[in-house]
Structure formats: C-alpha cells, structure tokens
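Trainee: I would like to go through this model by question and answer. May we begin once it is displayed?

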Amino acid sequence: MTRAKPEDDEYWNSSKFKAFTFDDEDDEFSQLKESKRAVNSILVDEDEDDVERVSWSGEPVGSISWSVKETASSIRSGSEQSFPKIDTTPSLSKQGSGYSLSSLFKEKFRSLQDKLLLLDEAVAVYDGNVITAVSQILFRELMARDVALRHYVHYLKEMGEQKLLVELLKALGRTEDMALMHYKEHLNIKDEGRRRDFLKSCLSLPFSQDDATHVQDHYTLLERQIIIEASDKKADAEIFKKFPRKASILNMPIITTLYYSCFYHYGESEGTFSSPSNIRKTFRISEKQYILTALGARAKLKSWFDVDSLFNTKNWLGYTKKKSPIGFHRVVDILHKNSAPVQVLQEYVNLIDDPDLKLSGALKYKCHDVVINTYRDLKDRQQLIVYREKLERDSPEYRKIQELLNNVQIRWKN
C-alpha cells in the first residue's frame, strides 16, 4: 500500500482546494467520468447481518399497516442515527496513490449503511464526484432490490427526509408507496380543520383500491366528527345534562363514533349526520357490528324498549318475533353487565336455542322460572329437588317447584 505524502494530505484537507462542481473545466469533467466508471463496476455488498440489524416492521411497503407501523417506529427511534460512524476524510493522495474510488468503496465502505453515510458526507462538502457516483449505483440497486429499497426508505424516515422519500418512491415508479407516505403526514397535523383539508387533498393520489377506500372513509369520518362536535358542544338536550360528555369525539374510530351516536343521537332521522342509521349506511357497517354497538349504548342507558326494538321483526303474516345476528347468549351477557332487571334477562335467556347454554345462563343469572321450566321439560325430578333447596321457602319459585313435584300427570325420568 502506498503511503500518502504530506503535501497530498494538505491537498485533501485544505479548504482552499474546492470540491468538484458541475461548472468545472473539462479536465475535471474527465475525472468525474473516471469516477463514474470505477463505481459502476462495483455492486453493493448486501450483507444479511446488516439487513437484520435494521429495525424493519416486516410489513409490505404498499399497505396502510406499513405506513402506520413505520410512523410508530420513527417516533420510538427519534432522530438518532442508527448507522455506524465512519471516517469519511481518509488521508489519500488524489493522484499516484494505490487507491481508486472503486478500491475505496471495497476497502472502506463495505455495507449499504456506510455507503449511505458516505453520500451524506459528500453532500455536506459538495463533492460532486462522490454524490453522482454513489447516487447512480444506489438508485440502480434500489430499482433491482426490494431489501435495499426498504433499507433506504427506513433510513430516510429516520432522518426525517419526508420530501426526499416521497420523491424517491415517485422516481422509482412506486406511486402507491409515494401516496401512502404523503398520506401519513396527517399524523403531524394537530388542527382538525387543517387535517381534514389535508386528507381531502390526498383523495386524488394514486392509492390502491383498498387504501383509497380507507383514505376516503378517514376524510369523511373526520368531516362528520367536526360537524357533530361543533353542534354537541353547545347542545342543551336533557341527555347531555344527565350524561355529560367525557371526551371529544374528534379523531375517534368509526365504531366509537357509532357508539357515541347511539348513546346521544338515537332515533334521529337518517338525514342527519349524527344519526346512527346514517353512520351505519355511510361507512358500510355490518348488521352484526351495528347491533352489538347499539345494544351496548342503549343498555348502558337502561333503555330496554330500545333494546327490544333492535331484535323485533315481523313475518309476512304480521306477527312479531325476536331475531338476532348474534347469539342471544351474548345479548344476555351484555344486558347483565349493564344491570338489566331479571324480567328482561329471563326474556332473552328463553330465546337461547341451545338447551345447555340456556340452562347455564339461567343458573348463572338466577333466572328461576327458566331453570324450573327447563328441568320440567327435561322431566328431571332430582334436579328440581336440588334447585328447590336453594330457594327461599314460601317464595313463588319454591311453591312452583312443589306443585310440579306433586303433579302425578308428569312422567318423571328419575
């Protein structure tokens, strides 16, 4: 290895020797072409160990979940650089040394991280040769390698280079990824009005079909929440006095918004933005999810009439019966958690189709009539006797069991 001379060190380290710019003379331009040829002969060392050390979410780049997880990763990691520090000012003779730019890359900057940091240092000192050379090989590798792209995307995110990241993805033809990165900027906007306007501007971006639907729903939901929040903050309806709001509805998820609507705006016509039926229709909420949400809200208010109306249906003859897209055993659990009276619980326990679930629910929630009738239908005399001993003497339920046991027309199985 040839040792650099002191005067060569002065050439590289003295500020009076300017770095390459694109306005230099022809002899400097020939050096640029030589550097480019040297670098173009090198492939980036893709060390698998280096890949593992980069904190990457593992989600595909083209997804909303990737966008959200990358944001969380960036917040946790802060602005501290994750790449190793390297000495980017080696004392090498510009001419006559044993090093070319190619050998420098091989010997000094082996990993992708090192090359990226070299590029940053080159930008800092306006070294046009290195900037051009590194950029060309970097972009060539990014276009060919998904892993390299993910490294660089993560690096730019850690460094807060959002605009550069968007332009990079656009230049690589990854328009959906570019759209997602731009959309993610809404997380940095605190004012709801500005955030709404920003989301509206995202609607024309080239998202995938699923992501486009997500962004459209996000914009529509926030727009709706702003309207509801402004109205409810000054509302003087009785329900707001009896149950004061504990938090703003702004930026809440769709199901939370539906619950709020079922709690404070139940029964409003579909033409109003705050109507549960309007929210259900606008955001394509399934019947099952709607029933669960509305049941929780109305049961919380002890509005048992509204609970009944959720399940009442009429057949073609005009008869009313109860029907549910969720099991009635789940309905009973929700009603019990909201302290429903025994009469209400018994009605819904009786609607459970499975005999074992019905009996266990009746025993659990002390629906005595259901338990007694179930043992009677099973013709289980012994279980009736056992259950009778758990009741107060002379209570209506105790007397009912006694009458059944004395009925000689019942053919008991034991």
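This is a predicted model: local features need pLDDT of at least 70, side-chain atom pairs count only at pLDDT 80 or more; totals for chains, interfaces and linings use all residues.

Trainee: Is Asn 338 buried or exposed?
Mentor: Residues count as buried under 20% relative accessible area, exposed over 50% and partly exposed in between (1.4 Å probe, protein chains only). Asn 338 has a relative accessible area of 12%. Asn 338 is therefore buried.

Trainee: Where does Asn 338 lie, and which residues does it touch?
Mentor: Helices here are DSSP runs (H or I, at least four residues), numbered from the N terminus. Asn 338 belongs to the loop joining helix H18 (328-337) to helix H19 (342-349). Leaving aside residues up to four places away in sequence, the residues touched by Asn 338 are Gly 296, Ala 299, Lys 300, Lys 302 and Trp 304.

Trainee: How are helices H21 and H23 oriented to each other?
Mentor: Axes are lines fitted to C-alpha atoms, for helices over the stretch in contact, with angles from 0 to 180 degrees between N-to-C directions. The axes of H21 (residues 368-377) and H23 (residues 396-405) come within 10 Å and cross at roughly 10°. Angles under 35 degrees count as roughly parallel, over 145 as roughly antiparallel, 65 to 115 as roughly perpendicular and the rest as oblique. The crossing angle therefore makes H21, relative to H23, roughly parallel.

Trainee: Which residues of H23 make this contact?
Mentor: From H21, the contributors are His 368, Asp 369, Ile 372, Asn 373 and Arg 376. Their partners on H23 are Glu 397, Lys 400, Ile 401 and Leu 404.

Trainee: How far apart are Ile 372 and Leu 404 in space?
Mentor: Ile 372 is found in helix H21 and is buried, with a relative accessible area of 0%. Beyond residues up to four places away in sequence, Ile 372 touches Leu 384, Tyr 387, Glu 397, Lys 400, Ile 401 and Leu 404. Ile 372 and Leu 404 are 32 residues apart in sequence, and their C-alpha to C-alpha distance is 9.2 Å.

Trainee: Which helices are included in what covers the buried residues of H21?
Mentor: The buried residues of H21 are His 368, Val 370, Val 371, Ile 372, Thr 374 and Tyr 375. Their cover includes H19, helix H20 (355-364), helix H22 (381-388) and H23.

Trainee: What is the phi of Asn 251?
Mentor: Most residues other than glycine have a negative phi. Asn 251, in the loop between helix H13 (238-242) and helix H14 (254-264), is partly exposed at 38% relative accessibility. Although Asn 251 is not a glycine, its phi is positive, at about 65°.

Key
Residues are numbered from 1 along each chain as its sequence is written. Side-chain values use heavy atoms; hydrogens and water are left out. Helices (H or I, at least four residues) and strands (E, at least two) are DSSP runs, numbered from the N terminus. Contact means heavy atoms within 4.5 Å.
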